[in-house]
Amino acid sequence: MEWVSGIMEGFSEDRFCLYVQPIVSIDKDERHTHYEVLIRYIRPDGTVVSPNDFLPPAERYNLIERIDSWVVSNVIAWLQQHQQRLSDVMFSVNLSGRSIGSQTFHKFLRESLNESEIDITQLCFEITETAVVDNVEKSVEFINSIKQLGAKFSLDDFGTGLSSFSYLKQFPVDYLKIDGEFIRDIIEDDKSYVFVRSMTEVGHCLDMEVIAEFVESDTMFNKLREANVDYIKGYQVGKPVSIQTLVESERPNLRLAHDS
């Protein structure tokens, strides 16, 4: 309950902020530099709080849709403000299952995209596997509606559900993000490697590009390249940083060497 008041104060006192973490192609040059957008909470003493602390209470007390709306509005506003300098950036924005199933949020998102002056192809919306399988028909309708405007979609945490593969072909998503538990164990556990490679092959068969997160070493990178994964995210390529760093300094070259 402490977080309920904290979240409400976050809206009224502007304590939320956006961070980004790079998603990097393993073996091909990209038109866009891809980042996942992450939300943070700033306490009055300046402490930066992880979303792991405040998003679960937000889900429980029906505040998560408002947080999703705040993130979408601020990402669009930030892109509009910096569109000339950052026309090559793509942002992945996480959406909760509650927002996906909400007609109010659906209307808000469509109106926000239609009224914006940004290139909508710069946006990719991430939805978790567990969120979409709760209501497959409504989720597919939501995805198709927003994709018609130009945005892309990524299916996050893939592999956590018991019926992952049977559901996958029903979702018209562009990216498949493999659950981090498989990636963390890929070096020590041969079964995890087989799962990752199998999920990658299925994703490619369905014309999806595959993302692996929690990549923290060159050894993990090499195993994922061997498994034909398309993109990686993790400390090996970049830690989360404030979104403002994208305009306050020269962005680093995030392309990986093709012969590494």
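Reader: Quick one to start: where does Asp 207 lie?
Author: Asp 207 sits in the loop between α10 (190-205) and β8 (209-212). Helices (H or I, at least four residues) and strands (E, at least two) are DSSP runs, numbered from the N terminus. This is a predicted model, with residues numbered from 1 along each chain as its sequence is written.

Reader: OK. Is Asp 207 buried or exposed?
Author: Asp 207 counts as exposed because its relative accessibility is 71%. The cut-offs are under 20% relative accessible area for buried, over 50% for exposed, and partly exposed in between (1.4 Å probe, protein chains only).

Reader: Switching topic: what's the mean pLDDT of the protein?
Author: The mean is 90, and 93% of the residues reach 70 or more. pLDDT is the predictor's confidence in each residue, from 0 to 100.

Reader: Where does pLDDT stay under 50?
Author: Over residues 255-260, for which the model has 19 contacts beyond four places in sequence. A contact means heavy atoms within 4.5 Å. Where pLDDT is low, the predicted coordinates should not be read in detail.

Reader: Which residue stands opposite Glu 36?
Author: Ser 92 in β4. Elsewhere, Pro 22 stands opposite Tyr 35 in β2, and Tyr 41 has Val 49 in β3 opposite.

Reader: How many residues are between the strands in the hairpin of β2 and β3?
Author: Five, and Gly 46 in that hairpin takes a positive phi near 95°.

Reader: How many residues of β2 are buried?
Author: Eight of the 10, so β2 is largely enclosed by the rest of the structure.

Reader: What about pockets? What volume does the largest pocket have?
Author: About 1,100 Å³. The elements giving two or more residues to its lining are β2 (33-42), α2 (51-60), α3, β4 (89-94), β5 (123-128), β6 (152-158) and α9 (180-184). On a 1 Å grid over the protein atoms alone, a pocket is an open set of points with protein on both sides within 12 Å along at least five of seven lines; a cavity is a set where a 1.4 Å probe fits but cannot get out; lining residues have an atom within 4 Å of a point. Grid points are joined across faces, edges and corners, and a volume is the space filled by probe spheres set on the points.

Reader: Which residues lie nearest the centre of the largest pocket?
Author: Glu 36, Leu 38, Pro 51, Asn 52 and Asn 94, out of 38 lining residues. By class, that lining has 15 nonpolar, nine polar and 14 charged residues. Ala, Val, Leu, Ile, Met, Phe, Trp, Tyr, Cys and Pro count as nonpolar, Asp, Glu, Lys and Arg as charged, and the others, Gly among them, as polar.

Reader: And how many cavities of 30 Å³ or more?
Author: One. The largest cavity has a volume of about 40 Å³.

Reader: Which residues line the largest cavity?
Author: Ile 100, Gln 103, His 106, Lys 138, Glu 141 and Phe 142. α7 (136-147) and α5 (103-115) each supply at least two of the lining residues, with α7 giving the largest share, three.

Conventions:
Predicted model: local features only at pLDDT ≥ 70, side-chain atom pairs only at ≥ 80, totals over all residues. Heavy atoms only, no water. Pairing = 2+ DSSP bridges.
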